[in-house]
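Consider how the charged side chains pair up in the structure shown here. The paragraphs that follow take a few of these pairs in turn.

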Amino acid sequence: AGATAIGGVQVSSIMATDGGVTGAVGFDIRSGEHRVFAAPAIVVAAGNAERVMYNSPRRDPFNTYHRPYHGATGFALAARAGSGATSLEFLGSFLFPRGFATGAMGNLLEAGGRLVNAHGESVADRPTRPDEREFGFGVVAQAAREVLAGRGPLFVDCTDVDRTELDHVMSYVDFDAPLFSEFLDQSGIDLSRDLLEMEFFTGTWSATCSPKGVVVDRRCGAGLPGLFVAGDLATPAYALAGALTTGYVAGHAAAEHARDAGRVTLDTDALAAEHERLTAPLRRRNGPTWQEFERELQDTMTRYVGLSRSADGLRQALACLVGFADAAGNLRSANGHELARAEEAIDLHFFDQMMAAAALERDESRFGFLMGHYRSDCPVPDDARWKGVATIVRHDGTGPSVARHVFNPTWR
């Protein structure tokens, strides 16, 4: 169709006027060369958020079950353009072998293994509903409650599983959990003899069937004329089916909008200001690196916005994040790659404020399929005030604001 694909570009800003989108600005991550794209329609499909908090005992944010290169940039781009995001307070949680971000727990439990707490007590019994996948809904929530009650760590106990059945599971488990067998071998773990310690993976991505992400309409529009959002970043959408559907819808809608809008004019003053902002870290000799800044963000989010939250802790997180604003504006970068990571860290800082604000607003605890929001100061669900109610967070560049919204009155 004559389209030109340009890769290796970190988009830093969506250009817009009151009338809608006018283009995007970024840079080549290898050369640092400034890139400007004039366009009346943009589709943002930058994935969901990762690297928000620590997921492993090694405190390595790149040791993750999902996509470590998703640094919340899509959320930040859309929010700066005026879009709202919903349900950011919910964590997507799994249980993984300690220090190894992969699955396998479901396979082992379905083979007859038990998820037990530190006292050897079973955490969850087999569900009895024939239409429900075994060890799906509710197990993570029950496990979280065990840890929060001080009965952790948790273990998968397969010592009573028939050896033939265990060998059968291990013959195919690597399809669901790549390298799991190698992990056991290198760790010296024999599942027929040893307990397998598990730990929580607390991700901020959009977990199974969760309505979490940038709010879009039926045409995948995100509020600003010409701005469309697709894939994991959009809500409601999930996995391959969601990516295909929203990508198709957003692509068609963006093409139609671009055809009807015609040519656009970019604001030269805004372009010059963005160019200056992007090149400053490359000239800067002092200031924090992206690693140092991102580590402070992750430490704050893990401490105050992790598995267990409270109003005081969330307010402390927001205060810390406000205090990090100066550091965000003084990052230094040695090359285009480091500049891209610095931009991701700045976007994480932006997203973190939105997430912490949403978690402070929802003054209850609520768990769903792999999703959880636990407030130690409000430890039970408050259906009268919150059932069917979603948070929508916006960020005007100075701070986040949260509103409550009922998308479907029948949920109430």
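Arg219 has a relative accessibility of 42%, so it counts as partly exposed. The model is a predicted one. The side chain of Arg219 forms a salt bridge with that of Glu256, with an N to O distance of 3.3 Å. This pair links distant parts of the chain: Arg219 sits in the loop between strand S10 (213-215) and strand S11 (227-229), while Glu256 belongs to helix H6 (residues 239-261), and the two are 37 residues apart. Glu256, at 31% relative accessibility, is likewise partly exposed.

Arg315 and Asp312 are both part of helix H9 (residues 311-323), with 3 residues of separation, or about one turn of the helix. Their side chains meet in a salt bridge at 3.6 Å, N to O. Asp312 counts as exposed because its relative accessibility is 61%, and exposed means over 50%. Arg315 has a relative accessible area of 48% and is therefore partly exposed.

The third pair has another setting. Glu364 and Arg362 are both buried, which means that each has under 20% relative accessible area. Their side chains form a salt bridge with an N to O distance of 2.7 Å. Glu364 and Arg362 also belong to a network of salt bridges that links them with Glu89, Arg366 and Asp383.

How many salt bridges does a search of the whole structure find? The search finds 25. In general, side chains of opposite charge can pair when their charged atoms come close.

Note on methods
Residues numbered from 1 in each chain as written. Predicted model: local features only at pLDDT ≥ 70, side-chain atom pairs only at ≥ 80, totals over all residues. Heavy atoms only, no water. Salt bridge = Lys/Arg side-chain N within 4 Å of Asp/Glu carboxyl O. Helix = DSSP H or I, 4+ residues; strand = E, 2+ residues; numbered from the N terminus. Buried < 20%, exposed > 50% of the residue type's maximum accessible area, 1.4 Å probe, protein only.
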